[in-house]
Amino acid sequence: MLRIPFTAAAAVLLAATAAQAQAPQIDIPASAYRGGQPDVLTPPPAPAAHVAPTLNRAAFASAYARAGRPTIAVLWNREFTDMLQQGSAQQVSIDSVSARAGSAEAVRVPGYGAAEVRGAAIASTTITAQEARTVQAQRSGPVERVDLQLRSAFMQAIASSGVRLVDRNVVMRTTAAKQKGSALDSQQIETEALEKHAKLLMEVLNTRDAKSPTGWATYVSIKRLADGVVLTEGYIDGRLPEGTPKPPPKFEADPRGGFREVAQPVSVGDMGRRVADQTLAQLGEALAR
């Protein structure tokens with residue numbers, strides 16, 4: 001007969017089995033369960049990824065042509081505010097200039113003393129009266145060289161897509177030249193010029209954004225001048241849209257050996273072209289509706 005040694009582990013297992021057999025069975029009713037509810041440990045949904053429109057140039061050209069190729073007036077870093085007219089006030093300035101000069105001489109000898117004092121004073125006062133007119137406050141923007149790079153890249157990308165752009169300053173000057181009288185209101189001239197020469201109004205406002213690759217982001221709004229209907233608005237920080245193929249990586253020699261990938265900075269020109277492409281994509285969708 002085979003004998004199996006009775007170890008401590010076998011004793012523990014036997015005791016546990018006996019305790020489980022003696023434990024009473026408890027029936028839990030179905031109402032105690034959370035029927036039809038998701039699992040408690042289900043992770044929350046991931047936040048929505050950054051999605052930006054992707055420009056399809058053929059689709060945009062078709063939508064723009066069907067809309068009649070409307071002209072677009074561009075206000076660069078300038079708002080089309082609700083300031084209806086320029087205020088005016090009489091301003092008086094007074095400039096005063098005064099000059100004084102003096103000298104003194106004294107002579108003393110034993111038994112005699114003499115002194116002579118000479119002086120001159122000149123004063124001039126100029127009073128100027130003129131009319132001062134209020135102007136729209138200017139927005140802060142990038143330094144001039146950065147602003148010009150951003151603007152040129154943006155405007156060139158828009159124009160190369162066949163969009164007919166209207167310059168605000170040119171149409172204002174030509175409109176004012178045809179009006180008689182010396183008291184011209186810039187707000188009225190601007191409105192008349194834009195309404196006459198453009199169908200759509202595009203406001204391009206630059207603002208600081210630490211999350212942008214260049215430190216600046218751009219807000220673009222496009223409206224119809226005839227009735228003020230907003231066609232599209234967008235806040236563009238220069239990041240590539242989801243699904244856009246990334247450029248091939250660049251590498252440099254690593255002092256510790258081998259190679260390492262080099263981060264490719266986004267230039268100001270790239271930023272301007274990205275803003276233009278996303279603006280055209282949004283405008284194309286609006287015109288196609």
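**A cavity, a buried threonine and some salt bridges**

Helix 3 (144-160) and helix 6 (268-288) each supply at least two residues of the lining of the largest cavity. Keep in mind that this is a predicted model.

Let's stay with that cavity. How much space lies in the largest cavity? About 40 Å³. A search of the whole structure finds one cavity of 30 Å³ or more. Its lining is made of Pro142, Val146, Leu150, Thr214, Trp216, Val268 and Met271. Six of these residues are nonpolar, one is polar, and none is charged.

Next, Thr232. Thr232 sits in strand 7, residues 230-236. Is Thr232 buried or exposed? Buried, because its relative accessibility is 11%, under the 20% cut-off. The side chains of Thr232 and Gln282 are joined by a polar contact of 3.4 Å.

Now the charges. Side chains of opposite charge can pair when their charged atoms come close. The count here is seven salt bridges.

One joins Arg57 and Asp277, with the closest N and O atoms 3.2 Å apart. Arg57 is in helix 2 and Asp277 is in helix 6, 220 residues apart, so this pair links distant parts of the chain. Arg57 is partly exposed at 47%. Asp277 is partly exposed too, at 25%.

Another pairs Asp167 with Arg151, at 3.8 Å between the closest N and O atoms. Asp167 is in strand 4, Arg151 in helix 3.

Last, Asp270 and Arg273. Their closest N and O atoms are 2.8 Å apart. Both residues lie in helix 6, three residues apart, about one turn of the helix.

Definitions and conventions:
Residues are numbered from 1 along each chain as its sequence is written. This is a predicted model: local features need pLDDT of at least 70, side-chain atom pairs count only at pLDDT 80 or more; totals for chains, interfaces and linings use all residues. Side-chain values use heavy atoms; hydrogens and water are left out. On a 1 Å grid over the protein atoms alone, a cavity is a set of points where a 1.4 Å probe fits but cannot get out, and a pocket is an open set with protein on both sides within 12 Å along at least five of seven lines; lining residues have an atom within 4 Å of a point. Grid points are joined across faces, edges and corners, and a volume is the space filled by probe spheres set on the points. Helices (H or I, at least four residues) and strands (E, at least two) are DSSP runs, numbered from the N terminus. Ala, Val, Leu, Ile, Met, Phe, Trp, Tyr, Cys and Pro count as nonpolar, Asp, Glu, Lys and Arg as charged, and the others, Gly among them, as polar. Buried means under 20% relative accessible area, exposed over 50%, partly exposed in between (1.4 Å probe, protein chains only). A polar contact is a pair of N or O atoms within 3.5 Å; within protein, one must be able to donate a hydrogen and the other to accept it, and residues adjacent in sequence count only if both atoms are side-chain atoms. A salt bridge is a side-chain nitrogen of Lys or Arg within 4 Å of a carboxyl oxygen of Asp or Glu.
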